[in-house]
Structure formats: structure tokens, C-alpha cells
Amino acid sequence: MASRTLTAQRQRALEILVRLKRLYPEAPCTLDYTTPVQLMVATILSAQCTDERVNKVTPALFERFPDAPALAAAELPEIESLIRSTGFYRNKAKNIQAACRLIMVEYGGEVPSSMEELLKLPGVARKTANVVLAHAYNIHAGVTVDTHVKRLSNRLGLTQHADPIRIERDLMQLLPQPDWENWSIRLIYHGRAVCNARNPACDRCLLADLCPSADPTKVVAAVVSDVAIAPSLEVLSLE
Ligand code: SF4
């Protein structure tokens, strides 16, 4: 990216970030957990599954197996039956147990706090590692790219890539490091509330003037009728 283009893109990304912070001042992680191990497990479970569904299964899972030693020693079928409704449960159970066993053997029962070490754990790719590092350890090593971040970053013209690794690289170039994780969370909120996959509500999107994908017919209608509305966290529903 030429330096002038990069500077302009950075300015636009920053303006989008400022507006997202205004729209969603509170941006907590939507997965329920109390320890880094539980956050890692919940994030593994969230693959191809909603956070809402994950939060329904983790109370019973964490009551029965609250930590890495318990999950490492568990009977695999018991983990499977507790997480079955999150989908791909056999693979997820196998990965969760293998990750916890490695955590016991290599890291004294604690989830490691570096990207390099996290990526050695079965079932942990960059998305899970970024979530764990940011929310459990306040370390911003990268930008979490899920389906919403992927879709919105493309629509907003901040990347042209489909591959999450390349999208993450583009976003890391554009955004201040301390904001990497809260960018993702807020973009996820915006993806759920306004810019959904099938029918983005450009008519009530407060990013429309910064978005190259804004539907002009909807935006014009919004300006004429002055109906642009800031969504609030109350109207957000977990997909
Ligand atoms: S203007 Fe439309 S496409 Fe762009 S971010 Fe908003 S809802 Fe999505």
C-alpha cells in the first residue's frame, strides 16, 4: 500500500473506530468464563457456534470440569455429551482435552501467555489465541478475525482479502495496537445489530459516509427521512 493511501486508510479506520466506541461504549467479551482455561475452552467451543449457545453449555461443563487438570483427566465421552449442542463436539472435545493435557505437561496447568505457545495447543488458532491473550492477559498480539470482522472489514474497504490471516495483517497496519481487540468486539456488535450478512441496514448505519459499500438508495432515504438511529446494546441479539 502506498504511504499516502495507507495514511488515508489509517485516518478512515480511526474515524470508524471512534464512532464504534461511541455506538458501543461497553464492549465486553460475550463468552462467560472465570479463568484463562475456561476462556480458552469457551472460545474453542465458539467455532461454528454462537456465543449464546456456548454460554448455555459451559456452566455445566465448568461445574463438572473447572480447570485444566480436571479436563485433562476427564472421560472423553463425558466432555462430548456436555458440549454436544455446540456442534463438531467430538473434535472440540478431543482438542480441549489434548490442549489441557499439554497445558499440564508443558505449562504447569496455566494457559500460556504468548502467541507462539498458544498456537502449539491443539484446537487453538490465531482467533482463539488473540481472544485469550487480550481478555485473559491484556496482551494485544493481533486482531481477532471472525466471520463478522471478515465481512465488515471488507465492506468498509479496509481489506480486500478473504483469508483471515491476511485480513488480520491489514487491520494491524491500520489500527493502534491497544485497540486491536476492542475493534473486533465492536465490529462484531455492529455486524449483529446493523451490518448483517444478508441485508445490511445502511439506512440506519452511522458508518455509511465512511463506507464504500453503503447502499446509496438506502442512505439517501435515511438522509431524507432523517431516520439514522444509533443502535444500543439493548437491541443487540446474539446470533
Ligand atoms: S454502510 Fe451498510 S455496508 Fe457499510 S458498514 Fe454500514 S451497514 Fe455495512
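**Helix contacts and ligand shell**

**View 1. In H2, Pro36, Leu39, Met40, Thr43 and Ile44 meet Thr128, Val131, Val132, His135 and Ala136 of H8.** Meeting residues have C-beta atoms, placed from the backbone, within 7 Å. This contact of H2 with H8 has 7 nonpolar residues, 3 polar and no charged ones (nonpolar: Ala, Val, Leu, Ile, Met, Phe, Trp, Tyr, Cys and Pro; charged: Asp, Glu, Lys and Arg; polar: the others, Gly among them). The model is predicted: local features need pLDDT of at least 70, side-chain atom pairs count only at pLDDT 80 or more, and totals for chains, interfaces and linings use all residues. Numbering starts from 1 along each chain as its sequence is written. Helix H8 covers residues 126–137, and H2 packs against H8 at an angle of about 150° with the axes 9 Å apart. Helices are DSSP runs of H or I with at least four residues, numbered from the N terminus. Axes are lines fitted to C-alpha atoms over the stretch in contact, with angles from 0 to 180 degrees between N-to-C directions. H2 and H8 cross in a right-handed way (the near helix is turned clockwise from the far one by less than a right angle).

**View 2. Helix H2 (residues 36–45) crosses helix H6 (residues 89–107) at roughly 155°, their axes coming within 10 Å.** H2 and H6 are therefore roughly antiparallel (an angle over 145 degrees). Their crossing is right-handed. On the H2 side are Met40, Val41, Ile44 and Leu45, which meet Lys92, Asn95, Ile96 and Ala99 in H6. The residues of this contact of H2 with H6 divide into 6 nonpolar, 1 polar and 1 charged.

**View 3. Helix H9 (residues 147–155) packs with helix H11 (residues 180–193) at about 80°, the axes 8 Å apart.** H9 is therefore roughly perpendicular to H11 (65 to 115 degrees). His148, Val149, Arg151 and Leu152 of H9 make the contact with Ser184, Leu187, Ile188, His190, Gly191 and Arg192 of H11. By class, this contact of H9 with H11 has 4 nonpolar, 4 polar and 2 charged residues.

**View 4. The ligand is surrounded by 14 residues** (C-beta atom, placed from the backbone, within 6 Å). The closest are Cys195, Cys202, Cys205, Cys211 and Ala214. The shell around the ligand has 12 nonpolar, 1 polar and 1 charged residues.

**View 5. Over residues 225–239, pLDDT stays under 50** (the predictor's confidence in each residue, from 0 to 100). For residues 225–239 the model has 26 contacts beyond four places in sequence. The protein chain averages a pLDDT of 91, and 90% of the residues score at least 70.

Key. Helix = DSSP H or I, 4+ residues; strand = E, 2+ residues; numbered from the N terminus. Parallel < 35°, antiparallel > 145°, perpendicular 65-115°, else oblique. Contact = placed C-beta atoms within 7 Å.
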